[in-house]
Amino acid sequence: MTDTLDYAAMQMLIEHQDWWFAPAEAHGMLTALVAGNHADDWQILLFPGTNIDDTAKKTMQALVAHIDQALAKNDLRFQLMLPEEATPAERAEALTFWVQGFKIAITSLRERSLVNLDEDCLEFIADLDAFAELDTQLPDSDENLLLLAELEEHCRMGALMIYAYVRTPKQSAK
């Protein structure tokens, strides 16, 4: 699988299938589930109480595999699924959807006691609360593009941090 994701193709599929989520939101949810080592929970969050057709199953399994592969590599290839050719306002809106999706999934895992996180991971999750309130009506400017790039990088690194933390063997207290 390639290192980039086709946001526009995913958007078209979502619209055609009449799914309830946005591409970035689904990617955020799946990222949190993969990072939290519960990737198989995607059906619970994305298609609750519904029969899943082959298109949904194949699409989500491929996306989960792509995310897992990217997070597992030590070369930091993991990227958020956001529209490539977009205005700052469109990209900011997609970023808020990604953040919302990530928060939905990580909160679900934490509420069910499926993942325990350290202080740094919890601080990142707290940062996401502020990101979710991002003003998406950003005018085109280099400053706004830089701001978005910094927020995207913070989200990217936070997902990588949670992935690494969850998979690091913990030392038991003696």
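1. Aromatic pairs. Rings of Phe, Tyr and Trp, the last taken by its six-membered ring, count as a pair if their centres lie within 6.5 Å. By this rule the model, which is predicted, holds seven aromatic pairs. One of them joins Phe-102 and Phe-124. Their ring centres are 5.7 Å apart and their planes stand at 80°, so the pair is edge-to-face. Phe-102 belongs to helix H5 and Phe-124 to helix H6, so the pair ties together parts 22 residues apart in sequence. Both Phe-102 and Phe-124 are buried.

2. A ring cluster. Trp-19, Trp-20, Phe-21, Trp-42 and Phe-47 also deserve a look. Ring pairs link these residues into a cluster.

3. Helix H4, its length. H4 covers residues 54–72, 19 residues in total. From first C-alpha to last, H4 reaches 26 Å. That is close to the 27 Å expected at 1.5 Å a residue. At the start of H4, a side-chain oxygen of Asp-53 comes to within 3.3 Å of the backbone nitrogen of Thr-55.

4. Helix H4, its two sides. Which residues of H4 are buried? They are Ala-56, Thr-59, Met-60, Leu-63, Val-64, His-66, Ile-67, Ala-70 and Leu-71. Viewed down the axis of H4, these buried residues fall within an arc of 160°, so they line one face of the helix. The face turned away from that buried side carries Asp-54 and Lys-58, which are exposed. What covers the buried residues of H4 includes helix H1 (7–17), helix H2 (23–35), helix H3 (42–46) and helix H7 (142–167).

5. Helix H7. H7 has 26 residues and reaches 38 Å from its first C-alpha to its last. The span expected at 1.5 Å a residue is 38 Å. The buried residues of H7 are Asn-144, Leu-148, Leu-151, Glu-152, Cys-155, Arg-156, Gly-158, Ala-159, Leu-160, Ile-162 and Tyr-163. What do they pack against? Their partners are H2, H4, helix H5 (88–111) and H6.

6. Glu-152. This residue lies in helix H7. Is Glu-152 buried or exposed? Its relative accessibility is 13%, so Glu-152 counts as buried. Leaving out residues up to four places away in sequence, Glu-152 touches Leu-80, Leu-82, Arg-91 and Leu-95.

7. Thr-31. Helix H2 holds Thr-31. Thr-31 is buried, with a relative accessible area of 0%. Its side chain reaches the backbone oxygen of His-27 at 2.7 Å. Neighbours within four places in sequence aside, Thr-31 is in contact with Ile-67, Leu-71, Phe-78, Trp-98, Phe-102 and Ala-159. Ile-67 and Leu-71 are among the buried residues of H4, and Ala-159 is one of the buried residues of H7. Phe-102 is a member of the edge-to-face pair with Phe-124.

8. Cysteines. How many disulfides does the structure hold? The count is zero. Cys-121 is in no disulfide, and the nearest cysteine sulfur, in Cys-155, is 14 Å away. Seen from the other end, the sulfur of Cys-155 has its closest cysteine sulfur in Cys-121, at 14 Å, too far for a bond. The cut-off for a disulfide is a pair of cysteine sulfur atoms within 2.5 Å. Cys-121 is buried, at 0% relative accessible area. Cys-155 also has 0% relative accessibility, so Cys-155 counts as buried.

9. Gly-36. Where is Gly-36 found? It sits in the loop between H2 and H3. Gly-36 is buried, with a relative accessible area of 2%. Residues up to four places away in sequence are not counted here: Gly-36 touches Leu-109, Val-115 and Val-166. Gly-36 and Phe-97 are 61 residues apart along the chain, and their C-alpha atoms are separated by 19 Å.

10. Ala-126. Helix H6 spans residues 119–132 and includes Ala-126. Ala-126 has 44% relative accessibility, so it counts as partly exposed. Ala-126 and Leu-95 are 31 residues apart in sequence. Their C-alpha atoms are 16 Å apart in space.

Methods. Residues are numbered from 1 along each chain as its sequence is written. This is a predicted model: local features need pLDDT of at least 70, side-chain atom pairs count only at pLDDT 80 or more; totals for chains, interfaces and linings use all residues. Side-chain values use heavy atoms; hydrogens and water are left out. Helices (H or I, at least four residues) and strands (E, at least two) are DSSP runs, numbered from the N terminus. Buried means under 20% relative accessible area, exposed over 50%, partly exposed in between (1.4 Å probe, protein chains only). The expected span of a helix is 1.5 Å times one less than its number of residues. The arc is that of the directions from the helix axis to the C-beta atoms. Contact means heavy atoms within 4.5 Å. A polar contact is a pair of N or O atoms within 3.5 Å; within protein, one must be able to donate a hydrogen and the other to accept it, and residues adjacent in sequence count only if both atoms are side-chain atoms. Rings of Phe, Tyr and Trp (its six-membered ring) pair if their centres lie within 6.5 Å; planes under 30 degrees apart count as stacked, over 60 as edge-to-face and the rest as tilted.
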